[in-house]
Amino acid sequence: MRLPKMSAQGHTWARQVKKEGEEEDPLDQLISRSGCAASHYAVQECMAQHQDWRQCQPQVQAFRDCMSEQQARRREELQRRKEQGSVHS
């Protein structure tokens with residue numbers, strides 16, 4: 001089976017630099033707050049270099065793992081707050 005050729009332009013995965021007065025993208029804010037920004041930027045840099053997600057699987061997996069851990073911490077925190085709230089009620 002032959003894979004289709006990628007477009008000549010490829011992906012534009014380079015990290016965007018925030019211009020003065022420009023609001024930060026909500027997704028970028030979420031990733032920054034998660035503590036996974038370094039992993040996210042590693043994926044972006046790999047994609048900019050290789051323009052083929054298949055060559056960036058270690059970076060993708062590291063980002064996925066980081067976000068999964070962050071989500072688990074967030075769920076635990078919300079559960080803890082819920083339990084504390086029910087104790088005070």
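Figure 1. Helices (H or I, at least four residues) and strands (E, at least two) are DSSP runs, numbered from the N terminus. The model is predicted: local features need pLDDT of at least 70, side-chain atom pairs count only at pLDDT 80 or more, and totals for chains, interfaces and linings use all residues. Residues are numbered from 1 along each chain as its sequence is written, and side-chain values use heavy atoms, with hydrogens and water left out. Along the sequence, the pattern is α-α-α. Of the 89 residues in the chain, 19% are buried, where buried means under 20% relative accessible area, exposed over 50%, and partly exposed in between (1.4 Å probe, protein chains only). The chain exposes about 7,700 Å², and carbon and sulfur atoms supply 51% of this area. Accessible areas come from the Shrake-Rupley method with a 1.4 Å probe; for residues, only the protein chains shown count as cover. Among contacts (heavy atoms within 4.5 Å) between residues at least 6 apart in sequence, 56% join residues at least 24 apart.

**Figure 2. Cys36 and Cys66 form a disulfide, with an S to S distance of 2.0 Å.** A disulfide is taken here as a pair of cysteine sulfur atoms within 2.5 Å. The pair links distant parts of the chain, 30 residues apart. Cys36 is in the loop between helix H1 (26-34) and helix H2 (37-50), whereas Cys66 is in helix H3 (residues 57-88). The torsion about the S-S bond of Cys36 and Cys66 is about -90°, so this disulfide is left-handed. Both Cys36 and Cys66 are buried.

**Figure 3. A disulfide also joins Cys46 to Cys56, with S to S 2.1 Å.** Cys46 lies in helix H2 and Cys56 in the loop between H2 and H3, so the link ties together parts that are 10 residues apart in sequence. The link of Cys46 and Cys56 is left-handed, with -90° about the S-S bond. Cys46 is buried, at a relative accessible area of 5%. Cys56 is buried as well, at 0% relative accessibility.

**Figure 4. A search of the whole structure finds two disulfides.** With the bonded cysteines of the chain numbered in sequence order, the pairing is 1-4, 2-3. In general, a disulfide is a covalent bond between the sulfur atoms of two cysteines.

**Figure 5. Residues 36-68 are listed by UniProt for "domain: CHCH", in an unreviewed entry.** The UniProt positions are given in the numbering used here, feature names are shortened, and annotations may be inferred rather than shown by experiment. The span is 79% helix and 0% strand, and the C-alpha atoms at its ends lie 10 Å apart.

**Figure 6. Ser34 is a residue of helix H1.** At 7% relative accessibility, Ser34 counts as buried. Leaving aside neighbours within four places in sequence, Ser34 is in contact with Met67, Gln70 and Arg73.

**Figure 7. Arg64 is found in helix H3.** Arg64 counts as partly exposed, at 45% relative accessibility. The C-alpha atoms of Arg64 and Ser39 are separated by 8.7 Å, and the two residues are 25 residues apart along the chain.
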